[in-house]
Amino acid sequence: MRQQLSEDQVALLQDFLACVEPSGQCPRLIEEAAGKPPCPHCGCQRSHRCGQASGLQRYRCVACRRSFNALTGTPLARLRLRDKWLRYLQCLIESTPVRSAASRVAVAKSTSFRWRHRFIAALLRASRPQLSGIVEADETYLLESQKGSRHLDRPPRKRGGKASRRGISSELDCILVARDRNRQTCDFVTGRGTVTVGQLMKHLKPVLAPDVLLVTDAAKAYQAFAKQAGITHEAINVRAGIRARGALHIQGVNGWHGRFKTWLRRFNGVASRYLANYTGWQRLLDADEPTAPRQWLRIAVAPA
């Protein structure tokens, strides 16, 4: 008697098959996702075919006469070993550490690290969503890290150290997160120390629809920002022990903060200069869609 696979089993089988694609499939997926791209050098839409290189169709621009392919001008340009890309993307989906991913895919540790940040940068090229309805916003902080740097601007400290003083200071990286009730999320690494009105105008205002209801804690920067931007604003006095007023709360965005910090622990500390990549990576995982390496590859090479 034949037994039909469950939906979960079908999903697992699809993920497995995505990781064992024949070596020639990755260039085909890249070509399908990118289509016929405009010239990355001058932006001209007119080009003609000009042979192939490394399995990808090459084009020559009619205007500037320079050649290019589907990956030229993207973070994935000049990366080799394309037959291993899908397996490595599966490691990203599973949040596999650098050394473990290098062992699974059979590449060098330095290659694994470079691929991690190149692929994440490619995946994050898409424009940020516009948040609408009730939008929660709040910031969280991480101790700044110069992990991997050969020239520190402060005395070295042990991994997992503490700031020299309590409270929010210039020793902490600020991560601003805004999230609406449709689970659309935007994250920004605004710099060191407390978030300012100028930073909110730069990062937060462009992603808010004009008619949003912005819900935050009682920090004065949000009140000044809402007044300056002409946005309806409600403040929750969290410090006074108030968690919610009816449907108004910031528990959704604070839940994202908690999931991000829990997920980040597996990497044993990340450098501040790469922090925006990790917040974006977690945002992709938290959205829970897409979930297959082939889908991630299509997003990475699709026109920005």
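Which residues does E139 touch, not counting residues up to four places away in sequence?

## The surroundings of E139

In this predicted model, E139 touches C174, I175, L176, V195, Y222 and H257, not counting residues up to four places away in sequence. E139 itself belongs to strand β4, which covers residues 134–143.

Two tyrosines form polar contacts with E139 through their side chains. The side chain of Y222, one of the residues that E139 touches, makes a polar contact of 2.4 Å with the side chain of E139. The side chain of Y141 makes another polar contact with that of E139, at 3.3 Å.

## A buried charge without a salt bridge

E139 is buried, yet E139 has no salt bridge. The nearest side chain of opposite charge belongs to R239 and is 7.9 Å away.

How many disulfides does a search of the whole structure find? The search finds 0.

C42 is partly exposed, with a relative accessibility of 43%.

For C186, the closest cysteine sulfur lies in C174, at 15 Å, again too far for a bond. C186 is buried, and its relative accessible area is 1%. C174 is also among the residues that E139 touches.

Methods:
Residues are numbered from 1 along each chain as its sequence is written. This is a predicted model: local features need pLDDT of at least 70, side-chain atom pairs count only at pLDDT 80 or more; totals for chains, interfaces and linings use all residues. Side-chain values use heavy atoms; hydrogens and water are left out. Helices (H or I, at least four residues) and strands (E, at least two) are DSSP runs, numbered from the N terminus. Buried means under 20% relative accessible area, exposed over 50%, partly exposed in between (1.4 Å probe, protein chains only). Lys and Arg count as positive and Asp and Glu as negative; His and the chain ends are not counted. A salt bridge is a side-chain nitrogen of Lys or Arg within 4 Å of a carboxyl oxygen of Asp or Glu. A polar contact is a pair of N or O atoms within 3.5 Å; within protein, one must be able to donate a hydrogen and the other to accept it, and residues adjacent in sequence count only if both atoms are side-chain atoms. Contact means heavy atoms within 4.5 Å. A disulfide is a pair of cysteine sulfur atoms within 2.5 Å.
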